[in-house]
Amino acid sequence: MTTKTKDELLAEIVHLRSRIAALEGPASAQPDGNRVECSHDRGPAIDAGGLAASGGSSDLTALLELILQKAIALIGAAGGMILLWDEEAQALAARVWIEQPFASVTTRIRLGEGLCGAAAAQRKGLIINDYRNWPGALRPIIEHTPITAGVVEPLLYRDQLIGVVNLHNGDTGRAFSERDGELLRLFADQAAIAIENTRLYAAAQRELAERERIQAALQARTQQLEAVRSVSAELTRELDLSRVLNLILQRARLLVEAEGGAVCLWDDTIQAVVPTVWTHFDPLMRGNPIQPGEGLIGSVAASHEGMCVNDYQNWPQARRLVLEQTKITAAIAEPLLYHSRLIGVLNLHTQVPGHAFSDQDRELLRLLGTHAAIAIENARLYEASGRAARQTRSLYEIAHSLTTSLDLDEVLRLICEQIMEVLGTTHAQVVLWDDASQTLRLGAARGTEVDLIKEQTFRLGEGVNGIVAQTRQPLIVNDYQAFPHRVPEFTELVANIGVPLLYQDRLLGVLASHTTRPGYVFTEEHLGLLTSLAVHAAIAIEHAGLFEQLRQSVTRLEQAQDELVRSEKLRALGQMSAGIAHDLNNMLAAVLGQVELLKFRVRDPDVREGLAVLERATMDGAQVVRRLQDFARQRVQSALGQVDLTQVIQETVDLTRPRWEDEPQRRGATIRVGTDLAPNLQVLGHPAEIREVLTNLIFNAVDAMPMGGTLTVRAGSVAERDKRGMPWVECSLTDTGIGMSEDVRRRVFDPFFTTKGVKGTGLGLSVVYGIMERHGGGVTVRSAPGVGTTVTLRLQATAGVPSAAAEPAALVAGSPRRILLIEDETAVRETMASLLRAAGHQVMEAESGPQGLLHLEQWPTELVLTDLGMPEMTGWDVARIVRARKPGLPVILLTGWGEHLPDGEAGEGLVDRILGKPVRLAELLEVIRVITARPAGR
């Protein structure tokens, strides 16, 4: 059966109203006799919206009253009633009525009885306008009501009888017409739909409510069962009896919302249940066993059946002591059974008036009790196994340590802890055999008397440890003070035990333990346990030792790999720096040549002083390029000269001023540099290298003071003397910067180590270290985070008098010569030619090897001066051809590679001298003078 929606009902009623209006016609067309009959019908007609809207309500009585009211108003009847069909009783039952108390006349009308029964049986409407003389009239109605006319219409929904609507008139004498019957029939159709919809809606609401109730109950039951399952899982994971009991009580209280309770365990010895854990009423519980049958707990213990008492204060079997000392209103108890054997009783209670425990609570406790009994039994068995469990666990821990730890100290610590746990003593030790000294030394110890044995060693045969090691047999001494080989210092020892640590018949050491507890003795069981432990301990110690050896080997391998990588880096750096050096040296050669030309031509002191600074900077630049080459390869140590350290420091401070003064000021910081220098500090070294060291250190100090600070440079002699008996000269640079950690401080001289990120190369301090090593001195660093850094340089002193500045060499050095100069760099070639000409020599310039060889054939040459690296023909190629054509002609090779020639170059006997760029004019003129003064053919 399908129900119509409110909108559908409303549409039908609206249609009904239109039909009713059509039946009624205009008011002026009605006969006079019908005006009274329809006077109630003209105004309200049918309130379709109200009837349709009521069809979705669950209040059937309200709907029936509304239908009856609207039907009376529609027909203009004096009163009426609605009866609904009762399928179970097979009768019509009056539900609502107006005007006459029909309930006092009749409440049940069967099919065919009276006007209503006849209409219901025939399933069609009836109009009786002379009811009191109608043969089918019901006598009680005739006797007790003034009804004179009646109209009845069955309420049908798809041919199914819903009920009847009965309207009547009384002593007014008004009769019902066929039109009244038609109106009522149309109205009854809609009323039946509304009634059926209301019934269906109410039924649906009841079904929905029932489903929600069942679902809520199911959800609550599911949650409770899930809670029991969760508690059961929690209990099965716990093996400590005390924690198991507390957990059972705690979770049980939450499950049934109890205030307190107790878990009582059955004691076979006294044949009673003993409160073991509880909440509240401590004096009542502690030390008060409960006999079977006594109170709720005893009754449950005796019957092995759960019980619930929700009126505990009036329960006849309640314990008097409990009633006197508590205000318990309800209590529930469940036996804890394990295979039908009583383990104990779980008891819960509440003191809240009106709080009662349900059968569902009993069921929950029964389920929980099953798992709780298993958990208690497991915990008891675990506790009963006691020592065996601890022994097994200890041996497992040792075996497990083989895979979890390979650190020897950690393994020894674990072994000591397991010895103490297995034997139940307060001291354990592992002494290890040292092949080198042939003694036993302490590896690890735990517990009491550790300080007495910390520094002690044992030889074979000395004490318990020495005897065990010598005999390789276990030993128990239960009267240690009477033991002839006892150690005199151990005056408190009562008993001692030791077993050898053997790995494949090789002695590793001894496991030992002792006790100071009076009366304690070690047994054969102890000895067996310690012997089993020693097997695993020996394996663990051996593996840890092998791992340590492997770790050291890996460390050495990593160091070797690091050295290899470093070497490769240095080799790559050397290759790169060689190419850079060649180009830079060519540039510096041109600069140096022009400076020397100007020195010869200018006599103004101020200009010459500036030229001297430029010359020194050029030579320092050349030295820096050589340092770049030297960093990645070995070089022949050149002789150290005398250096005025005081002057070099002052010059370096001045040269670096833009870095420590100008740059910080641009970012709003101030760095002050102060000096405290002893005068005339003469040391052995190379000025350019020392300047490079100081420059590196000043730059590092500036980087360490990003917010500003102070850098102090001190220099002077110290009392300590070197191997020559000369006092050392020390120069220290102290900054107030951020400092460095100890780990960083130890690594500052490592190549490529930097704390400056991408801004640093990690080469600066490595170069410093190398330079100081070559100078026969050293460098040290002191620093700490937040307190700054001090770098101290130590240099060899010299007693010599500082040499005066060399004057410029004479313009002419030796006899004038005709020199063929071959150089592809125009600036270098022209500058060098000008210098040689200024010195009195004749120079023929050539920009390439082939051009130079052409000049060689056409121009009388006394000396060939050729560059090494040229695009068409190298200097070696030129030298070979010169040697072939003119064997006695001297050849000087100039190279921008410095003192290091590119790999693969070989020119043994081809040239008379190799000079690195840039070369001073004085040096070049001296070489020319020397080699051209030799006899031809040399």
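Which residue just after H6 takes a positive phi? Arg123 does, at about 55 degrees.

The model is predicted: local features need pLDDT of at least 70, side-chain atom pairs count only at pLDDT 80 or more, and totals for chains, interfaces and linings use all residues. Residues are numbered from 1 along each chain as its sequence is written, and side-chain values use heavy atoms, with hydrogens and water left out.

Helices (H or I, at least four residues) and strands (E, at least two) are DSSP runs, numbered from the N terminus. Helix H6 (residues 114–122) is mostly covered, with seven of its nine residues buried. Buried means under 20% relative accessible area, exposed over 50%, and partly exposed in between (1.4 Å probe, protein chains only). Among the buried residues of H6 are Leu115 and Cys116. The strands that the buried residues of H6 pack against include S1 (79–86) and S6 (160–169), where contact means heavy atoms within 4.5 Å.

Glu334, in strand S10 (residues 330–338), is buried without a salt bridge (a side-chain nitrogen of Lys or Arg within 4 Å of a carboxyl oxygen of Asp or Glu). Arg362, its nearest side chain of opposite charge, is 4.8 Å away; Lys and Arg count as positive and Asp and Glu as negative, while His and the chain ends are not counted.

Two residues with some accessible area are listed below.

Pro679 and Ala715 are 36 residues apart in sequence, and their C-alpha atoms are 9.1 Å apart in space.
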